[in-house]
Every structure is written in structure tokens, then in C-alpha cells.
Amino acid sequence: MKILALFHTQDDGSLPKASLETLTSAVTLKEQTSGTLAVGIIGKGATGAANTVAGCGAESFLTVSSEAVAQARYATDTAAADALIKASGAELVLAPGTARFTRCLPGAAHRAGAQIDTHIVSVKADGGQVLTQRWFYRQRILGSFSRTARPWILLADVGVNAPWQGTEGVADAKEVAVSFDEVDMRTSVSGVRSPAIDAQTIKPDATVLFVAGAGWTKKQKDGQFHIADAGVLIQDFLQKAKASLGSSKSLVDLQSEGQETLSFMTHMNQVGQTGSTPRHAKGLSTCCHGEEPHAVGWRFINERRAINLDPNCGWAQGKADVVYVGDAFEIMTKINALLS
Amino acid sequence: MTDGFQIVVCGSLVPDPLQTLEPLTTPQGPGLKNEMMLPSVLDPWSAHALFEAANLTKQIAGSKVYLVSLGPKAKLQQLMMTVAQKVPFELVAVDGNASGFTDAHEAAAVLAEAVATIPELDKNRLLVFGGCASASRDAGVTMQLICERLDIRDFFTGVDEIKVQPDGSFEVLERIESGQYQASVCKGAPAVLAWATGNLPEPPNNPQVGMVNMRAVMPALMKAKPAKVGTGSIAYEKTEVPAQKRATRIVKDVSADEIAAEIVEWVKQ
């Protein structure tokens, strides 16, 4: 079987960690199928990036590194990916589910006459068949399936495999020519907007995910709102525990409805329902009921604990390892003091 | 901009998030137990796309919103009872399978055809909106496939904001890794935008909007074309709800000091 491991570079010309994770999977699949492996790389510095994985056992390295693909733009990325898929003659394409590839690879699949599946959490070959797994219905149902269509593109979820480790070398990459027309250049990427360093609350590499629910903004036992205090407590914990911040949908929705809430939180922090499904080792939920729409985003959180006033909340119904029945304001104050 | 946008929102129904979902095998492939009886909502990301589309029509004179929705006709009718009260739109209904286990390629083909056959569609004014994924299939590929089938070259995903300039060009913010946004500028329509949650709240129900919408919704449902959407080239081996129920330890009648100490020890491990 001809396998293509398809990557893109980052702004500094290096390969993202997610690419190395996918390379692990591609190398394994090559062995399982007794197939061949090609590596394709899109972006600025693609030739140098190929050299960093030269020892992976690929028979060929292909690049598209023209100026047009120096920015993550759908039209040019799609054309470049299509060109690499066709040039490699691949039957199976493995790629990381980064934002850039999530955007363009479905379009490339259409142009290359391929079929595509995303959020792949497992891929293996068995008796000539390639079997994959992904979650459906927001991480509630696990599906195992294969496809007969070829080429078949698989976008792997980030954090599923260990990153490939091996020797650098001279990959002798071949540049694949792609012609882009004016219509491909109608969009220009003007930049990346990041929150200020001290306001960055989303940390995929943190060990702990702290999830705040709408209960922080409700009237407390003294009949008063303590939203400012809630903000201080949460931010203090994030800083001391170096934790990442998540939110329930209801909490971030309050903000867009014009109600006073936690100003450092946005829809980007949302976990579950229409939010993210992070993969932190530990998750601490506070003031959140743990109903199914909340919990669906916790599928990949290994150790789960919750603080809630209600001993019968959703977390207590088998969704968390430990539920602490108590006042989150009081408990978090004491936690922060101990972490100081 | 002189003539406004034609904004076509693609959005289907998904099970209400509070429902318990149990997979089963049908002659057509995997499905959900009692699927036709499960209460449905408009897919949440598509719903955000719809609200953003309506917001854009308020800003750009001459703009109009269409909602292209794929699903069993009877369930679409139920769905429209609530959705129709939110914002003004013209419904284009497609009678077919909206299961999360169907093939995105087949769904996209059907949706693209429904978009392309909207009367008096002007590609120079066309924006196609949808969700960046769905609460059913959650693949995040359907809108790109529609984009290709409509021969549109500008696509954005994980969109939270669009700002249109007087000359018709627009800036888009797309979610990327680590809580950041990629900002891009596009010269103008046509374009396809797959939305994340955007920045707008869900509009309250408006009975007047509902009445106006429903006058056209019922005829649209009556003339909904049947479409075959199946599992395509997918061969399912199994679908399962993994047993992930944890033996939850409930800690109560314990001081806040003791709880805090236990949590800190756990965090530091």
C-alpha cells in the first residue's frame, strides 16, 4: 500500500508536534501493510523540515514551498495538498488534524477524487484492511470502520500518538510545481491575534484543566453576587496551578447576553456542546452540573474531579472520579492559599 | 456594496443534547435507537451561523437569508416550529437522512445541489454559511465539500467574526490553535464560512417573525425533494457507547480545609 504522510510547516519552518505524532502512525502503518511511505510537506521551509524527519524510512520526500503557501490560505493550501496527493500516487494519506489542514484537506480530497475522515483516534491495518476509529455525536459513540474508496485521507486527532523520534539527515526532497491563479489569491492572511500573555487562559499543554460553570455568577448563600471575587479566585488558581481554563456553554453565553460575567472568558474557552474536547491529564470542574452537554467535552480527560453544592449533580452519576460537596468560593480560596 | 448578500445557511437537525443516545444497526447501517422519536434541535453551530447571517442582513441592505436543511420531512417540520421564530429566512428543505453515521460526501452533494438550484442565485453576491462541524457527524468536512462543488475558492472555518467593508471585501477571524485567531481579508463574495459560536446570543422567540416565516416554510416542506444520503463507501464494523461510568467517590460533610488539601495534593501529583 502506498502511504503519504502529509504535513505543513509552522511560521518558523519547523514541523508542528502534531505532524510528528502522525508520522509515528504512518511509519507503523507502513510496517503493518508492508507498504511504501512518502512524506509530503507544504509551507515555507519545507525542504529543511523534510531533513528533520529524513530518518523515518520514507522512500520519497515531496514539497510545495512556493511563496503562495507561506500563508495558511484555503485556496492555495488545497491546490498544494491536491498536487502532493496526486504526485505521490498515495492510496492512504495520513495528516494531522491541525487548524490549517482541517481547513483545506476536505477540499483537497474532493479535487483528488479522495474520501476523507477526520478526528481519527486509531488506525491500524489488519489482513489487508485498514480499520479506523472516531467518535460520533460529540464523543458519545465510538465507531469502528473502514472505507473501500481510494485515495482515503485520514486526519488524526492531536494528542493520540507519541511524537516520532528519529534521526535528521538529507531527505533529498523534490519540489512539486503547482500553478496558482488570481482567483486563488483573493484571500490574504493578515496575521494571528493572540490574547496578551497574562490573559492567555487556553493552555493545551497544561496538566490541569479548570472548568468554570455558571454557578460562579449566581447569587451566593448571602443572597449577593460575587462575580469579581469569582474572577480573582479563578485567575489566581490558573496562575498558581499553571492550569488551562475551560467553561460551560451557559457561562460564556451569559456574556453575549449582556450580563455581568467573567470578562477574561470567551467562547474559545468553552468545553463540551459547541466547544472543544481537550486532552488534559486532569480536569477540575467547579459550579457546573455535569449534565451530558457539559460532560461530552470531557471524554479525553483522564482524571476528573468536581466541586458542587449538589451531591446528586451529573458528575456524581459516574462522570467524575470524585465529587466534593461544598462551596466553591470557600474551597478555591483555601486551595489558592495552599498553592502560594 | 450595492446589492447586498445572498446568504445561504446550511444546517441540519441533531438530537437534543440532553437525550441519551444508543446506537443500533439497521439495514441502512448504524443508527440511533428510536431516532425518529428523539427530540431534535437545529445543529448548534449551524444555528450560530444562522444568527450571524441574520445579523449581517441587518447591516448590509438588500441581503437575504436562505436556510437549506436536510432531514426527514416530518422532523424538519417540528424543528421549524422553533427555528422559524428566531430570524427571518427562506427555507429550502431536502427530505433525507440526517444521521451522523451517513457519509459527509453524500450529504455535501445533496446540499450543494440544493444551494445551486435556488432561483436567481447570484454567485457574485453569494455567501454560504454553515457550522464548522455538527453535533452528529462532527466531521468538519461538509462545508468544504460544498465549497468545492459550488466552485468557490475562498473558505474559512472556525469563524467567530466577519466584518464587511463598504467595497464588499471582508475580514474574517478563524479560531486556530491555543486560543488564537487567524485574521484574513477576502476581496468579497463568493465565499463559504463555517462558523464556530460567533459572538451573538441566541435571539429570543419572535412570534411575528415566526408567522411570516411559517407562511413559506410549509410550502417549502411540501415541495422538499427526496434525497438519498447513506453511508457511501463507509463499512462500519461496530458502533458502541463505551462503558465509561466511573465509581464516583462523593466527599461530603468534610471541611473546606480538608477538601482543599486533598485537591492540592492531587493537582501536584
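A nonpolar core is a set of buried Ala, Val, Leu, Ile, Met, Phe, Trp, Tyr and Cys residues joined through C-beta atoms within 7 Å. This report on a predicted model starts from that idea.

**Cores**

The largest nonpolar core holds 140 residues. Within this core, B:Val9, B:Val68, B:Leu111, B:Ile146 and B:Leu193 touch the most other members. Take B:Leu111. Beyond its neighbours within four places in sequence, B:Leu111 is in contact with B:Cys10, B:Val68, B:Leu70 and B:Ile146. Another core, of 44 residues, lies apart from the largest one. Its members include A:Val208, A:Leu209, A:Leu238 and A:Trp315. As a general point, nonpolar side chains in soluble globular proteins tend to be buried together.

**The two chains**

The table sets out the two chains.

| Chain | Residues | Buried | Helices and strands | C-alpha span along principal axes |
|---|---|---|---|---|
| A | 340 residues | 56% | eight helices, 15 strands | about 70 × 45 × 35 Å |
| B | 269 residues | 50% | six helices, 15 strands | about 65 × 45 × 40 Å |

Contacts can also be sorted by separation in sequence. In chain A, take the contacts between residues at least 6 apart: 68% of them join residues at least 24 apart. In chain B, take the contacts with a separation of 6 or more: residues 24 or more positions apart account for 78% of them.

**Where the chains meet**

The interface brings 71 residues of chain B into contact with 78 residues of chain A. On the chain B side, the elements that give two or more residues are α1 (44-59), α4 (142-149), β9 (155-164), β11 (181-186), β14 (234-240), β15 (249-251) and α6 (256-268). Helix α6(B) gives the most to this side, with nine residues. By class, the side of chain B that touches chain A has 37 nonpolar, 17 polar and 17 charged residues.

Helix α6 of chain B includes B:Ala260. Is B:Ala260 buried or exposed? The cut-off for a buried residue is 20 or more other C-beta atoms within 10 Å of its own. B:Ala260 has 23 other C-beta atoms within 10 Å, so B:Ala260 is buried. Setting aside neighbours within four places in sequence, its contacts are A:Ile331, A:Lys334, A:Ile335 and A:Leu338. Now compare a residue of its own chain. B:Gly232 is 28 residues from B:Ala260 along the chain, and their C-alpha atoms are separated by 53 Å.

**A sheet ending in a chain A strand**

Ten strands form an open sheet with mixed pairing. The order is β10(A)-β11(B)-β10(B)-β9(B)-β12(B)-β8(B)-β1(B)-β6(B)-β7(B)-β13(B). Its edge strands are β10 of chain A and β13 (225-226) of chain B, and each pairs on one side only. Strand β10 (residues 187-193) of chain A pairs with β11(B) in the antiparallel sense, over six bridges. Which residue of β11(B) is the bridge partner of A:Arg193? The partner is B:Tyr181. Likewise, A:Gly191 stands opposite B:Ala183 in β11(B). In general, strands of a sheet pair through backbone hydrogen bonds, either parallel or antiparallel.

**A sheet ending in a chain B strand**

Another open sheet of ten strands also has mixed pairing. Here the order is β9(A)-β3(A)-β2(A)-β1(A)-β4(A)-β8(A)-β5(A)-β6(A)-β7(A)-β14(B). The edge strands are β9 (174-175) of chain A and β14 of chain B, each pairing on one side only. Strands β6 (residues 129-136) and β7 (residues 141-147) of chain A pair in the antiparallel sense over five bridges. A:Phe136 in this pair stands opposite A:Ile141 in β7(A).

Helix α1 (residues 17-33) of chain A touches β1 (2-8), β2 (36-42), β4 (92-96), β5 (115-126) and β8 (152-156) of chain A. Its direction makes about 155° with that of β4(A). Helix α3 (residues 74-88) of chain A touches β1, β2, β3 (60-64) and β4 of chain A. The direction of α3(A) makes about 160° with that of β2(A).

**A helix pair in chain A**

The axes of helices α5 (residues 227-241) and α8 (residues 328-339) of chain A come within 10 Å and cross at roughly 35°. The crossing is left-handed. From α5(A), the residues that meet α8(A) include A:Leu233 and A:Phe237. From α8(A), they include A:Met332 and A:Ile335. By class, this contact has seven nonpolar, two polar and three charged residues.

Key
Residues are numbered from 1 along each chain as its sequence is written. Chains are lettered from A and ligands numbered from 1 in the order in which they are written. This is a predicted model: local features need pLDDT of at least 70, side-chain atom pairs count only at pLDDT 80 or more; totals for chains, interfaces and linings use all residues. A residue is buried if 20 or more other C-beta atoms lie within 10 Å of its own, exposed if 12 or fewer, and partly exposed in between; C-beta atoms are placed from the backbone. Two residues are in contact if their C-beta atoms, placed from the backbone, lie within 7 Å. Helices (H or I, at least four residues) and strands (E, at least two) are DSSP runs, numbered from the N terminus. Ala, Val, Leu, Ile, Met, Phe, Trp, Tyr, Cys and Pro count as nonpolar, Asp, Glu, Lys and Arg as charged, and the others, Gly among them, as polar. Two strands pair if DSSP finds at least two bridges between them. Axes are lines fitted to C-alpha atoms, for helices over the stretch in contact, and angles run from 0 to 180 degrees between N-to-C directions. A crossing is left-handed if the near helix is turned anticlockwise from the far one by less than a right angle, and right-handed if clockwise.
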